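Please look over the model shown here, beginning with a helix and its surroundings and then turning to charged side chains.

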Amino acid sequence: ATFRNAANALIVAQTPGMMQGVVAVMQSSVGDVRDDAAGVLRNCSNYSQEAAEVIVKTPGLLEALIEMCRGQHNSDRFTAMGTIQNLTRCETVVPLLRETR
């Protein structure tokens with residue numbers, strides 16, 4: 001499995017342009033494509049606190065997740081909420097989340 005370990009999750013999160021690309025897809029697409037993009041974030045944030053830090057620091061990303069939570073599609077809301085839940089479990093990320101409010 002590509003995920004299921006911290007090293008791979010961090011590599012994905014740190015790949016140049018990856019997080020910005022995910023944000024772009026989440027902001028401009030609908031349905032399964034949006035859900036798939038958020039799924040990348042959910043997986044990365046589940047397996048690596050360092051990847052979660054990269055996610056939270058990516059401009060526009062939290063806003064895109066919040067917008068997905070308000071969306072029409074259950075799958076979008078489910079994946080976005082799962083990502084946010086993962087982020088809130090990372091001790092080093094919680095202060096960063098507070099700063100972005």
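The face of helix 1 that is turned away from its buried side carries Ile11 and Gln14, both exposed, where exposed means over 50% relative accessible area, buried under 20%, and partly exposed in between, with a 1.4 Å probe and protein chains only. This is a predicted model, in which local features need pLDDT of at least 70 and side-chain atom pairs count only at pLDDT 80 or more, while totals for chains, interfaces and linings use all residues. Residues are numbered from 1 along each chain as its sequence is written, and side-chain values use heavy atoms, with hydrogens and water left out.

Helix 1 spans residues 6-14, and its buried residues are Ala9, Val12 and Ala13; helices here are DSSP runs of H or I with at least four residues, numbered from the N terminus. Because these residues cover an arc of only 95 degrees around the axis, they lie on the same side of helix 1, the arc being that of the directions from the helix axis to the C-beta atoms. They pack against helix 2 (18-28), helix 3 (32-47) and helix 4 (49-57), with contact meaning heavy atoms within 4.5 Å.

The whole structure holds two salt bridges, each defined as a side-chain nitrogen of Lys or Arg within 4 Å of a carboxyl oxygen of Asp or Glu. One joins aspartate 76 and arginine 34 at 3.8 Å, N to O, and it links helix 6 (residues 74-88) with helix 3 across 42 residues. Aspartate 76 is buried at 2% relative accessibility, and arginine 34 is buried at 13%. Arginine 70 and glutamate 67 meet at 3.7 Å, N to O, with arginine 70 exposed at 62% and glutamate 67 partly exposed at 43%.

Terms used:
Helix = DSSP H or I, 4+ residues; strand = E, 2+ residues; numbered from the N terminus.
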